[in-house]
Amino acid sequence: MATELFKNIPSKVGDLVRDVRIGKIGLPDLQRPFVWKDNKIRELYDSMLKGYPIGYIMLWESPADYDEKKSGIGINGKIYTEPKELVIDGQQRLTALVASMYGVKVKDKNFVEREIKISFNPLTREFAVWTSAFERTPEWIPKVSDVFLAKENNTISAFRRKYIRAVNEARNKRAEKALTDAEEDLIENNINDLLNLSEYSLPTLEISYNAREEDVADIFVRVNSGGQSLTENNFIQTLISVYENETSDQMNLFCEQSRIPASGTSYNNIIAIEPSHLIRMAVGVGFCRARLRYAYMLLRGKNLETGKYSAEERQENLAKFKEALLKVMDLNNWHAFLNCIGEAGYISKTQIASSNAVVFSYVLYLIAKYDYKLDAVRLKKTIAKWFFMGAITYFYTGSTESEVEKQFADLRNVHDAEQFIAYIERTITTRFTEDYFRLTLPNELNSAAAISPAWNGYIAAQVVLNIPMLFSATPVSKYFILGASGTKNAVDKHHIFPKNYLTQIGYMTDRERNQIANFTYLDYVTNIDISDDPPVEYVERYRNRMGETEYHKTCEDHALPPDFEKMEYIEFLKERRLRMAQIVQKAYKKLCE
């Protein structure tokens, strides 16, 4: 019989919550930030009160060399300066219980601190997600944490009396009968049942500290939590939290600051960084690997050449990972790269169809800077052209890891800056062919998809060419610049052939009316002025205002055929797709100047 690497520990909810609060159980930043919805926490309480099973917790006994680390989720005054067990699976469940029972604040997906508030009705045994209405309804206890903290402070009797008094006062105002003795007994019983959830069984499995790290890693990856398989990315974050807690904190801070406008931070208008992005970037820069399973192996201590594991290899790989991460999180590098994207016409997150395009282009930027020593001017120009091509041709969409692994393999035969530039130019040329602009791109523009790299590329091209908006002297780029109008862009996506007009002439489906080639951006004033007018009507107004020369120039800039307002709608779409592709090609040529 195989030796079991774990033991089953019968545990109660209250014991586990207490051990987290005093620091005996550590919650490493496994799945941070806290992602459960409040309604899921409400269901957790409801399940416990009804006697349903609520899953299990898996712990790992701390290894002997586990240094003093930050544990718990923000409680001060811990008895344990270092945790004795680490949570491998069930962190979200355990965090939900600690936070909601004792009013501990957590951070949401945007790293904003918040309190989890679950309300309880002792008369009906109902739980609900808190709203301000429950603060004004005496029959509801707004937060279950009020009950648990009252018990902890030995004031539960006073709390219960205050609740009953408030309900009676509210009933008196409504000219209703006061609580009966039976109802008061019911209230007391239900509050006691709520408090007794501390005695609820929560099965706990503890993996022995003697287990080999590769065994622990395999258990981590194979176990299911809430119906989702824990991934290599989860395990990497846990390894970093356990062995390099300071590094983990730096990563979380970088991610948090990418969402909050402030100078001297990682904030940007392109992408909200996640820890998984930083891990991919560091693995790409440090190990020239795109697949996270390689990172998972490397940080476990595997030598990819020999296939053997060792503690020395793990330490060496972790040091290499940290060195790469420093380059990734260097704000000078990060913002210089974002300027490259801006040079390519991508200045808003609304233009980014795939975060992988940003992640792996940044990896390429850092490799070019540090491995091939490209000077700043050539680096900016090269990466701008690369991103422009990669974003519009779906280079980082689909089998991204395979494509990037192939690129890393190609780069092993590239030895200096000139060879690197030649490689980039060669790769771009194989995709940006004449047939691409004449056939492929117009075909990709034949779509009504709301998110389209082809459409985003066309808008980027207009930014590169500094084209004014249709019937305006203001450049398209002005209305996408950060801060132009708070969180809302000061532009409208407008149907050139208005939607109501198309319906009137027989085009009944959104697939027909919302074709990419039927869209352009307009400022608010122009959009309101045009409204649902047929093209022949609004074109005449603007043609007269602008004069023939300026009018024809704006039509050319916006890929509009001459006298487009008189064309059949389907013919207009075909012709405009060709012209939109030509605008993209023109922008690329400008980037090559």
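Modeller: A helix here is a DSSP run of H or I that holds at least four residues, and helices are numbered from the N terminus. Please keep in mind throughout that this is a predicted model.

Colleague: How many aromatic pairs does the structure hold?

Modeller: There are 32 aromatic pairs in the structure. Take Tyr 362 and Tyr 365, whose ring centres are 6.2 Å apart and whose planes meet at 25 degrees, so this pair is stacked. Both tyrosines belong to helix α15 (residues 355–370), where they lie 3 residues apart, about one turn of the helix, and both of them are buried.

Colleague: Which parts of the chain does the pair of Phe 388 and Tyr 588 link?

Modeller: Phe 388 and Tyr 588 also form a stacked pair, with 6.5 Å from centre to centre and 20 degrees between the planes. This pair links distant parts of the chain, since Phe 388 is in helix α16 (residues 376–392) and Tyr 588 is in helix α26 (residues 569–592), 200 residues apart. Phe 388 has a relative accessibility of 0% and therefore counts as buried, and Tyr 588, at 11%, counts as buried too. Elsewhere, ring pairs join Phe 497, Tyr 501, Tyr 507, Phe 564, Tyr 569 and Phe 572 into a cluster.

Colleague: Where does the charged end of Arg 545 sit?

Modeller: The charged end of Arg 545 sits over the ring of Tyr 542, at 4.7 Å from the centre of that ring. In a second case, Arg 21 lies over the face of Tyr 102, 3.8 Å from the ring centre.

Colleague: Which side chain meets Arg 21 in a salt bridge?

Modeller: The general idea is that side chains of opposite charge can pair when their charged atoms come close. The structure holds 31 salt bridges, and in one of them the side chain of Arg 21 meets that of Glu 152, at 2.6 Å from N to O. This pair links distant parts of the chain, with Arg 21 in helix α1 (residues 13–21) and Glu 152 in helix α5 (residues 144–152), 131 residues apart. Because its relative accessibility is 19%, Arg 21 counts as buried, whereas Glu 152, at 41%, counts as partly exposed.

Colleague: How many residues apart are Lys 406 and Asp 410 in helix α17?

Modeller: Lys 406 and Asp 410 form a salt bridge in which the closest N and O atoms are 3.5 Å apart. They are 4 residues apart in helix α17 (residues 400–411), so about one helical turn separates them. Salt bridges may also be joined into a network, as they are for Asp 529, Asp 533, Arg 541 and Arg 545.

Colleague: Which residues form a nonpolar patch on the surface?

Modeller: Tyr 524, Val 525 and Ile 528 form such a patch, and together they have about 330 Å² of accessible area. Ile 528 is placed in helix α23 (residues 524–530), and its relative accessibility of 66% is why it counts as exposed.

Colleague: Is α12 mostly covered or uncovered?

Modeller: Helix α12 is mostly covered, 8 of its 9 residues being buried, among them Leu 292, Tyr 294 and Arg 300. After α12 comes Gly 301, whose phi is positive, near 105 degrees. Tyr 309 is placed in the loop between α12 (292–300) and α13 (311–328), and with a relative accessible area of 31% it is partly exposed. From C-alpha to C-alpha, Tyr 309 and Met 297 are 8.8 Å apart in space, and in sequence they are 12 residues apart.

Colleague: In what order do the strands form the open sheet?

Modeller: The 5 strands of this open sheet come in the order β1-β9-β3-β4-β2, with mixed pairing. Strands β1 (6–9) and β2 (25–26) are the edge strands, each of which pairs on one side only. Within the sheet, β3 (residues 57–61) and β9 (residues 204–207) pair in the parallel sense over 4 bridges, and Leu 59 stands opposite Glu 206 in β9.

How values were computed
Residues numbered from 1 in each chain as written. Predicted model: local features only at pLDDT ≥ 70, side-chain atom pairs only at ≥ 80, totals over all residues. Heavy atoms only, no water. Phe/Tyr/Trp six-rings, centres within 6.5 Å; stacked < 30°, edge-to-face > 60°. Helix = DSSP H or I, 4+ residues; strand = E, 2+ residues; numbered from the N terminus. Buried < 20%, exposed > 50% of the residue type's maximum accessible area, 1.4 Å probe, protein only. Lys NZ or Arg CZ within 6 Å of the ring centre and 35° of its normal. Patch = residues over 30% accessible without salt bridge, like charges linked within 9 Å, V, L, I, M, F, W, Y side chains within 5 Å. Areas by Shrake-Rupley, 256 points an atom, 1.4 Å probe, with all protein chains shown as cover. Salt bridge = Lys/Arg side-chain N within 4 Å of Asp/Glu carboxyl O. Pairing = 2+ DSSP bridges.
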